[in-house]
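Let's walk through this model together, one feature at a time. Have the sequence and the 3D view side by side as you read.

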Amino acid sequence: WGKLAQVWAGIRAAEAAGLTPVKINAVVVRGFNDGDVTGLARLTLEHAWQVRFIEMMPFGGDTAFQQQQVVTDKEIRARIEAELGPLELQGNGRLELGFISSVTLPFCASCSRARLTADGKLRLCLLRDKELDLLTPLRQGATDEELRQLVVAGIWVKPWGHGLADGEVATNRVMSEIGG
């Protein structure tokens with residue numbers, strides 16, 4: 001929500017302040033912004049920015065609708081290649097694109113991420129409801145070492161996959177409540 005002019009000004013201000021590389025994340029949604037994919041990719045030809053395309057991930061709210069709105073990694077790449085030519089792995093910093101394809105090309109086995117929510121829960125997988133309460137022990141006076149042990153124990157039970165293929169969808173929070 002917000003205004004594109006303000007977002008653009010913020011991106012330019014970050015760049016001017018030396019906060020580089022500027023990374024722009026774009027959740028691609030069918031019928032909403034999927035026509036903007038090539039224009040976003042083209043930005044990396046004009047600026048030393050990174051654009052990362054993220055597949056719509058179903059959780060919280062209307063998950064059936066969200067699953068219908070997924071634009072796949074394959075579709076996103078095809079749109080870009082149709083206008084800008086073949087994509088190749090390169091390290092030159094121009095046309096630096098990333099693809100976060102959690103739905104169609106899951107990378108769960110190599111995921112080492114966890115998120116700390118604003119209400120003190122450690123979310124072990126973005127697309128699973130399981131969370132570890134860190135706020136309660138913290139408020140009860142847990143030491144840094146005790147908190148560290150809780151986090152380590154939580155990471156050991158981190159799920160090996162998100163479960164979307166089996167129809168499992170996280171519903172206890174929407175993305176803005178998770179920190180994304």
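This is a predicted model: local features need pLDDT of at least 70, side-chain atom pairs count only at pLDDT 80 or more; totals for chains, interfaces and linings use all residues.

Residues are numbered from 1 along each chain as its sequence is written, and side-chain values use heavy atoms, with hydrogens and water left out.

Arg30 has a partner: it forms a salt bridge with Glu75, and the closest N and O atoms are 2.8 Å apart. Arg30 sits in the loop between S1 and helix H2 (37-46), whereas Glu75 belongs to helix H4 (residues 73-84), so the pair ties together parts that are 45 residues apart in sequence. A salt bridge here is a side-chain nitrogen of Lys or Arg within 4 Å of a carboxyl oxygen of Asp or Glu. Helices (H or I, at least four residues) and strands (E, at least two) are DSSP runs, numbered from the N terminus. Glu75 is also partly exposed, at 26% relative accessibility.

Now look at Arg42 and Glu83, whose side chains meet in a salt bridge (3.2 Å, N to O). This pair links distant parts of the chain, with Arg42 in helix H2 and Glu83 in helix H4, 41 residues apart. Arg42 is partly exposed, with a relative accessible area of 30%, while Glu83 is exposed at 54%.

Is Arg123 buried or exposed? At 1% relative accessibility, Arg123 counts as buried. Arg123 forms a salt bridge with Glu131, with the closest N and O atoms 2.8 Å apart, and Glu131 is partly exposed at 22%. Together, Arg123, Asp129 and Glu131 are linked in a network of salt bridges. The count of salt bridges comes to nine.

Let's step back to the whole chain. It has seven helices and six strands, which follow the pattern α-β-α-β-α-α-β-β-β-β-α-α-α along the sequence. Of the 180 residues in the chain, 33% are buried. Pro21 lies in the loop between helix H1 (4-16) and S1.

Next comes the second largest pocket, with a volume of about 570 Å³. A pocket is an open set of points on a 1 Å grid over the protein atoms alone, where a 1.4 Å probe fits, with protein on both sides within 12 Å along at least five of seven lines; lining residues have an atom within 4 Å of a point. The second largest pocket is lined by 24 residues, and Ile100, Phe107, Arg113, Arg115 and Leu126 lie nearest its centre. Strand S1 (22-28) and strand S2 (49-55) are the elements that give two or more residues to this lining.

Finally, turn to Trp156, in helix H6 (residues 144-156). Trp156 is exposed, with a relative accessible area of 72%. With Val152 and Val157, Trp156 makes a nonpolar surface patch of about 350 Å². Such patches are made of residues with over 30% relative accessible area and no salt bridge, with like charges joined within 9 Å and nonpolar side chains (Val, Leu, Ile, Met, Phe, Trp, Tyr) within 5 Å.

How values were computed
Accessible areas come from the Shrake-Rupley method with a 1.4 Å probe; for residues, only the protein chains shown count as cover. Buried means under 20% relative accessible area, exposed over 50%, partly exposed in between (1.4 Å probe, protein chains only). Grid points are joined across faces, edges and corners, and a volume is the space filled by probe spheres set on the points.
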